[in-house]
Amino acid sequence: MAGLIRREDIDEVRARTRIEDVVAGYVALRPGGVDSQQGLCPFHDEKTPSFHVRPSVGRWHCFGCGEGGDAFSFVEKIEHITFVEAVELLARKANVELHYEGGNREKGPAGPARSRLIDAHRVAVDYYIKALHSPEGEAGRKMLDARGFDAEALRTYSIGYSPNTWDSLLKELRTHGFSEKEIAASGLATQGNRGLYDRFRGRLMWPIYSITGDPIGFGARKLSDDDNGPKYLNTPETPIYKKSQVLYGLNLARKAIATERQVVVVEGYTDVMAAQLAGIPCAVATCGTAFGSDHVKIVRRLLGDGANPAAGLMLSSGRAYGGEVIFTFDGDSAGQKAALKAFQEDQSFAAQTFVAVAQEGMDPCEVRMAYGDEGVREIIAGRRPLFEFAITSTLKGMPLNTAEGRTAGLRAAAPMVASIRDRVLRGEYTRQLAGWLGMDESTVRAAVSGAARHPHHPPFAAADQNEDQAERRATLPPLRTLRDPVERIEREALEILLQLPGFAARAGMDDLPSQTFTLPMHRRIHEAIRAAGGTRCFTDRVNYLQARGSEGQTAERDAAGWYVEQVTEQADSVVSPIITQLAVEDLPESRPDRLSNYVWSISVTLIKQGITRQIADLRSELQRTSSEDEHYGELFARLIELEAQRRACEEQLG
């Protein structure tokens, strides 16, 4: 029978735990009266705080959804764990030793206890840190040193190295008494045909912590070009690690976020380090996924009340009233769409959202290396409001020096301005749009009013319409029904990558960049394939199985199923079922003797489509560039080169 924690121990944990400190790890609390603190409820969506904490009685209650309880129930609910696990979590923080009556500690219903999985990660963190400072970790130390991270930085972020072996961490975990079931559930090892083996091998290791400071996963970067895996490999979804609900660096940034009312979202682990070390303590990053709705909820709770009617106004300090969220990325459409999608349903936050773009497309780590800490701080200080960034980014591709270009710009931007719900802010951007276009304000105002009366798509969501529909359906229309040739070729290419990885590898399809795919859902699927290691993952698995005695066809069949599982593991809950759909859907060509030519033709056609898009972009840029400009000749030469490449593709296709 499972053991129970002694009542005396539970009471001791409760006595040593201050409920306001526990809640403040997840919610930004503000004084709400005598012996009361309040904030936005983490258990339902709200814009006006109805969540109250009473420190003197150790209780919390939400007047919006009716939830309430003590510190244990709060941790149970927000961490989705059992009562025993909540007691254990708070006991560790309060340094209380627990005793169990009637047998071993209670296990949760879904497998190994959360505390055991966290403890396994603590062992892994220590093990990887020691390995980094061993002779084998020299390459990792050199890479970090070249990026400006000294020994103190390595200690602060607990950076480590995973030895390039198959079972060194496994042995370490077993030595500490962890069972095979616990190791498998932790995500630190992968299940193979012959048992478990280390998931991370020969990589720099960044521990990923929960908001309360518990290690729950890892981000791993490869060090050698001989490593055929993805550049970054993350912990898979586990009982304690959900990538859509985690922000790297948040354990170090949460106090600064609550104090400064600012969140800076960067793209990678070294960017978080660089920004925080440069004096931007509220920098965080997502972990192998786009910034999504769950991340928005985390940010809202930490910033506090994001629905202030004055949100978006700038104070004399240069900060937005009510707090601000700053995205750092290059000015491409993918980054723009990511930020807009995250906030399109809550414009009180859109008005608090800014974009910081570095010159030359550098990330914060590169900026720090080139220009020092001050350079990073200058990028953040030069942030621009999201609405302004989105509208001006749309206008960038327009030939505004012509009447036709200005008209096209107005047609593209007017719906964006019309979708701004704040009437005062909408009027201000109407005036600014007139200035950006060089058109009469009354003309622009009429266009914005017309777009508001006859909206054709949700605010700021036109580019994501297909993706949103796909998310609601969690499926794609059958291949045979597709009429758009671009969509059809992209779809066939993805199905080839999933169903015929051996042919795809020989056709060089692993080298296709993400921007090859124009539809957002297609790009997400392709990114999952790349994150799993591409077709090299399949090839390596075949070689591994054959080395263990499997025959050719058997090895390829087993490897194919395993490969799709690896791709699915890298996808979220929306993309996973679509990957399954594409992995089983019939291809237009099924004859074995024709498959090689079929795959080759799809690959060439896909490349041709990309070249065609580049040609269109280059012609547009040439149209906006004066023939006297020093770069005009370079652009024209590049156009000629691309035209030649397109003709070569056409000749190959016959």
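# Briefing on a predicted protein model

Over residues 305-317 the pLDDT stays under 50, and the model has 29 contacts beyond four places in sequence for this stretch. The structure is a predicted model, with an average pLDDT of 83 for the protein. A score of at least 70 is reached by 88% of the residues.

**Confidence**

- Residues 104-110 also form a stretch in which pLDDT stays under 50. For residues 104-110 the model has 15 contacts beyond four places in sequence.
- Where pLDDT is low, the predicted coordinates should not be read in detail.

**The sheet of four strands**

- An open sheet is formed by 4 strands in the order β8-β11-β12-β13, and their pairing is antiparallel.
- Strands β8 (160-162) and β13 (232-234) stand at the edges with a single partner strand each, so one side of each has no neighbour in the sheet.
- On average, neighbouring strands of this sheet are turned by 35 degrees against each other, direction ignored.
- Strand β12 (residues 215-222) is joined to β13 by 3 bridges, and the two run antiparallel. Arg-221 stands opposite Tyr-232 in β13.
- Helix α5 (residues 114-132) lies across β8, β11 (203-209) and β12, and it runs at about 35 degrees to β12.

**The sheet of five strands**

- A further open sheet has 5 strands, in the order β2-β3-β4-β5-β6, with antiparallel pairing.
- Its edge strands are β2 (30-31) and β6 (68-69), each of which pairs on one side only.
- Strand β3 (residues 37-39) pairs with strand β4 (residues 51-54) over 3 bridges in the antiparallel sense. Gln-37 has Val-53 in β4 as its bridge partner.
- Strands of a sheet pair through backbone hydrogen bonds, either parallel or antiparallel.

**Helices α18 and α19**

- The axes of helix α18 (residues 423-437) and helix α19 (residues 441-453) come within 9 Å and cross at roughly 125 degrees. This angle makes α18 oblique to α19.
- The crossing of these two helices, α18 and α19, is right-handed.
- From α18, the contact is made by Arg-426, Thr-430, Arg-431, Leu-433, Ala-434 and Leu-437. From α19, Glu-441, Val-444, Arg-445 and Val-448 take part.
- By class, the contact of α18 with α19 comprises 5 nonpolar, 1 polar and 4 charged residues.

**Helices α21 and α23**

- Helix α21 (residues 485-499) and helix α23 (residues 520-531) have axes that come within 11 Å and cross at roughly 20 degrees. Helix α21 is therefore roughly parallel to α23.
- The crossing of α21 and α23 is left-handed.
- Residues of α21 in the contact include Glu-487, Arg-491 and Leu-494, while those of α23 include His-522, Ile-525 and Ile-529.
- The residues of the contact of α21 with α23 divide into 5 nonpolar, 2 polar and 3 charged.

**Helices α24 and α25**

- Helix α24 (residues 534-547) packs with helix α25 (residues 552-569) at an angle of about 140 degrees, and their axes are 8 Å apart. This angle makes α24 oblique to α25.
- Helix α24 passes α25 in a right-handed crossing.
- Among the α24 residues that meet α25 are Cys-537, Phe-538, Val-542 and Leu-545. Among their counterparts in α25 are Ala-555, Ala-559, Trp-562 and Tyr-563.
- The contact of α24 with α25 has 9 nonpolar, 5 polar and 3 charged residues.

Conventions. Residues numbered from 1 in each chain as written. Predicted model: local features only at pLDDT ≥ 70, side-chain atom pairs only at ≥ 80, totals over all residues. Heavy atoms only, no water. pLDDT = per-residue confidence, 0-100. Contact = heavy atoms within 4.5 Å. Axes fitted to C-alpha atoms, helices over the stretch in contact; angles between N-to-C directions. Parallel < 35°, antiparallel > 145°, perpendicular 65-115°, else oblique. Left-handed = near helix turned anticlockwise from the far one by under 90°. Nonpolar A, V, L, I, M, F, W, Y, C, P; charged D, E, K, R; others polar. Pairing = 2+ DSSP bridges.
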